[in-house]
Amino acid sequence: MVAQVVVDVVHSNVAKPFSYLIPEGMEPVVGSRVTVPLGRRTVDGFVVGLADENQLDCPPEKLRPISKMLDEYPALLPAMLELAREIAGETHCPLSEALRLMLPAAMRTGRIKQKQETCVTLTCADAEAEAVKMKRAPKRAMLLRLLADGRTRSLAELSQLVKDPRESLKALEEAGLVRLSQREVFRSPYGEEDEKPSTQPPLTPGQQEALDSMLPAMERGEGAFLLHGVTGSGKTEVYLAMASRALEMGKGAIILVPEIALTPQMVRWFRSRFGPATAVLHSRLTDGQRYDEWRRIRLGDARIVVGARSAIFAPVEDLGLIVIDEEHEQTYLSDKHPRYDARRVAHSRCRREGATLVLSSATPSILSFAMARRGDYTLVEMPKRVADRPLPAVTIVDMRKELEAGNRSIFSALLIQKLRECLDSGQQAMLFLNRRGFHTFVSCRSCGYVVKCDACDVSMTLHRDANDPAADRLRCHLCGAERVPPETCPECGSKYIRFFGSGTQRVEEEMHKLFPGVPTVRMDIDTTKGRDAHARLLDDFGKGRAKVLIGTQMIAKGLDFPNVTLVGVVAADMTLNLPDYRARERTFQLLTQVAGRAGRAQTPGQVVIQTYKPEDACIQTAAQQDYRAFFEMEFSRRRTGLYPPFTLLARLLVESANEMEAQQMNERLYDTLQTYLISHPLQKKRTLMVRADAAPVKRIRGQYRYHVLLKLFDHPDASPLLSLLSELTSLSDERCKIYCEVNPATMM
Ligand code: ADP
Ligand code: ZN
Ligand code: ZN
């Protein structure tokens with residue numbers, strides 16, 4: 001027999017599977033990980049097919065044998081191999097690269113091993129009687145008494161109770177009273193204490209109706225739903241009920257959340273309902289934890305997986321359900337190669353594995369809602385909050401009027417007053433601003449010079465150190481470069497260096513000035529670097545130690561804190577003014593989501609939105625939490641403006657440290673495309689625009705960036721052109737990298 005092996009090396013020379021002989025006694029199957037000789041090296045690989053020797057097109061004497069098998073069980077389920085093939089095809093990457101998505105990185109590189117521990121089990125009938133006989137050996141007697149209840153205990157556990165027990169245990173083993181053995185321990189990402197068990201509350205009519213429309217489909221192993229439920233409608237309980245039914249059917253489930261910040265809360269829900277049948281997967285776990293959680297899933301001990309984007313590749317066998325919470329979030333698009341979309345991957349897994357897909361959001365993406373209207377998804381709505389709680393009352397504050405009235409603070413008079421009322425009545429508030437740092441740019445009043453990063457074409461942000469003004473730094477949000485803020489202008493030498501724009505740090509400081517002594521927590525990328533930082537900060541707020549939570553989009557969605565009755569949006573225009581056709585969609589989502597954090601329990605919530613554009617329809621519909629109105633408006637704007645989903649935006653992005661080379665390569669790509677279109681009139685008809693330009697951010701980390709932008713009608717005729725685009729990326733070389741992106745998350 002012969003095995004086809006894809007080697008775990010990303011290079012176009014080895015993109016195809018190679019044949020290897022299977023040595024006597026080895027029994028690899030499709031999906032097994034093996035090591036094989038490749039040239040003079042030995043490399044890892046995956047068995048992707050098995051064949052008879054006489055099906056080969058070369059004589060078997062020429063083949064070399066597989067060196068060894070790597071795991072006791074095939075690491076890849078057949079469905080995951082097919083999935084990898086599909087992703088490789090769709091994102092135009094080598095199969096080996098797509099396969100890497102399917103395993104924890106540390107497992108692939110062999111950096112991580114299973115963890116073993118020694119444990120001790122009693123083997124005699126009456127430990128007490130034996131202990132009594134050991135007057136001369138009190139340590140042994142003590143150990144026997146500890147083991148008397150018959151439970152197996154680890155050596156580590158016993159060492160905490162008895163000093164250096166190893167020798168005594170050996171003696172007991174020799175006397176035939178106990179048995180020492182090795183067992184595997186799973187490194188756990190959960191705290192010491194177990195979640196308090198919870199049971200399903202009586203469901204609301206909205207939840208029951210939603211389940212009535214989705215459960216029958218799940219029982220048949222089919223269905224793709226868009227669950228549109230307003231904030232606070234109790235969507236989590238619907239996921240829990242579906243997962244519970246999946247377990248009863250002997251099936252597993254994957255629940256995706258858009259950010260690591262949201263995993264602790266979701267994991268708590270699921271662990272309190274399903275205990276250790278729940279596993280968690282995300283990038284902040286240690287290598288050991290991720291490996292062990294992965295194996296708990298692969299071995300079927302954990303049937304429910306909660307995690308961030310990459311958990312979509314969890315090796316759940318007999319999958320019954322995938323839920324994508326807050327499906328509108330951009331974080332479901334991978335920002336690294338291969339650039340997969342977790343929603344598409346989910347859809348394809350569900351179809352292939354006979355599972356039900358639930359995309360869920362209070363503000364579905366324009367794309368998903370349009371697909372639901374077209375019939376690709378079944379729309380299920382939950383228009384009411386739990387217990388008929390009202391949606392929060394939203395007030396829009398015109399910040400231009402505040403300025404006219406002489407208020408130069410970043411807080412309006414109304415927001416200050418509401419904050420005071422909220423804090424006085426013992427409740428909690430959230431303040432949202434989608435920018436971190438203190439001031440967002442630094443410039444010279446005399447000559448207009450703006451301090452920019454040396455390596456990137458963006459202005460630098462001032463980050464303040466509350467304890468030490470000398471430690472203030474300017475930081476680049478793209479590459480992280482830092483420098484000391486200038487005291488005089490580097491261009492003209494004037495002293496009139498001024499700081500403009502506000503970030504979360506400034507909100508925090510103003511808050512402390514206005515309300516001295518009120519404890520706050522700030523959540524943004526800067527404060528959540530540590531492994532457990534998210535969970536710790538949220539815990540401070542959840543337990544009431546902090547009264548005000550200040551943060552960026554990280555706090556906008558999903559969080560459920562019953563005691564929050566006030567939400568303040570410090571500057572609603574920030575996202576609205578971004579140069580992106582999705583800026584309006586993002587603003588609407590963000591505002592609706594933050595507003596939804598208020599008034600989730602008995603006391604009704606209030607929201608204050610501060611803006612310089614109070615009349616803007618996007619802000620207005622968000623304030624009314626009127627998704628339909630917003631959708632209709634935005635959908636027709638996209639139709640007239642010829643934006644996705646009516647068209648595809650694609651680009652070839654060229655990056656090089658040398659600006660001339662980037663520019664020349666870009667023009668060359670542009671010319672190639674033009675030539676191609678002239679000779680292909682059918683595709684030219686489907687192409688609305690081809691433009692060669694500098695990218696909006698012309699330089700990042702020292703790399704100059706140019707791109708060729710295309711706008712195409714989304715039509716099968718366009719697909720040869722898209723293939724051409726992806727083929728053109730092979731013109732990349734050491735000095736000049738070319739990337740092909742279709743409807744990417746951002747087009748910086
Ligand atoms: P959503 O995700 O739709 O914004 P959540 O799932 O976070 O809403 O639920 C909002 C709040 O309502 C939570 O505090 C939750 O505990 C509570 N809740 C949900 N379902 C019920 C129910 N059937 N009975 C009582 N409380 C519920
Ligand atoms: Zn100057
Ligand atoms: Zn930079």
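1. The second largest cavity holds about 40 Å³ of space, a cavity being a set of points, on a 1 Å grid over the protein atoms alone, where a 1.4 Å probe fits but cannot get out. Its volume is the space filled by probe spheres set on the points, which are joined across faces, edges and corners. The residues that line this second largest cavity are D8, R33, D44, G45, F46 and R108, where lining means having an atom within 4 Å of a point. Strand 4 (residues 41-51) supplies the largest share of that lining, three residues; strands (E, at least two residues) and helices (H or I, at least four) are DSSP runs, numbered from the N terminus. By class, the lining of the second largest cavity has four charged residues, one polar and one nonpolar, with Asp, Glu, Lys and Arg counted as charged, Ala, Val, Leu, Ile, Met, Phe, Trp, Tyr, Cys and Pro as nonpolar, and the others, Gly among them, as polar.

2. The model is a predicted one, in which local features need pLDDT of at least 70 and side-chain atom pairs count only at pLDDT 80 or more, while totals for chains, interfaces and linings use all residues. Residues are numbered from 1 along each chain as its sequence is written, chains are lettered from A and ligands numbered from 1 in the order in which they are written, and side-chain values use heavy atoms, with hydrogens and water left out.

3. Seven of the lining residues of the largest cavity are nonpolar and two are polar, with no charged ones.

4. The second largest pocket contains about 1600 Å³ of space, a pocket being an open set with protein on both sides within 12 Å along at least five of seven lines. It is lined by 42 residues, of which E195, P264, Q265, R268 and A535 are the closest to its centre. Helix 10 (263-274) and helix 17 (533-542) are the elements that give two or more residues to this lining, and helix 10 gives the largest share, eight residues. By class, the lining of the second largest pocket divides into 15 nonpolar, 14 charged and 13 polar residues.

5. How do the axes of helix 13 (residues 366-374) and helix 21 (residues 627-641) cross? They come within 11 Å and cross at roughly 95°, the axes being lines fitted to C-alpha atoms over the stretch in contact, with angles running from 0 to 180 degrees between N-to-C directions. Helix 13 and helix 21 are therefore roughly perpendicular to each other, a term for angles of 65 to 115 degrees. By class, their contact (heavy atoms within 4.5 Å) has seven nonpolar, five charged and no polar residues.

6. Two backbone points deserve a look. The peptide bond from P644 to P645 is cis, with omega near 5°, and P645 is found in the loop between helix 21 and strand 27 (647-656). D318, a residue other than glycine, has a positive phi, near 50°, and its place is in the loop between strand 12 (304-307) and strand 13 (319-324).

Definitions and conventions. Parallel < 35°, antiparallel > 145°, perpendicular 65-115°, else oblique.
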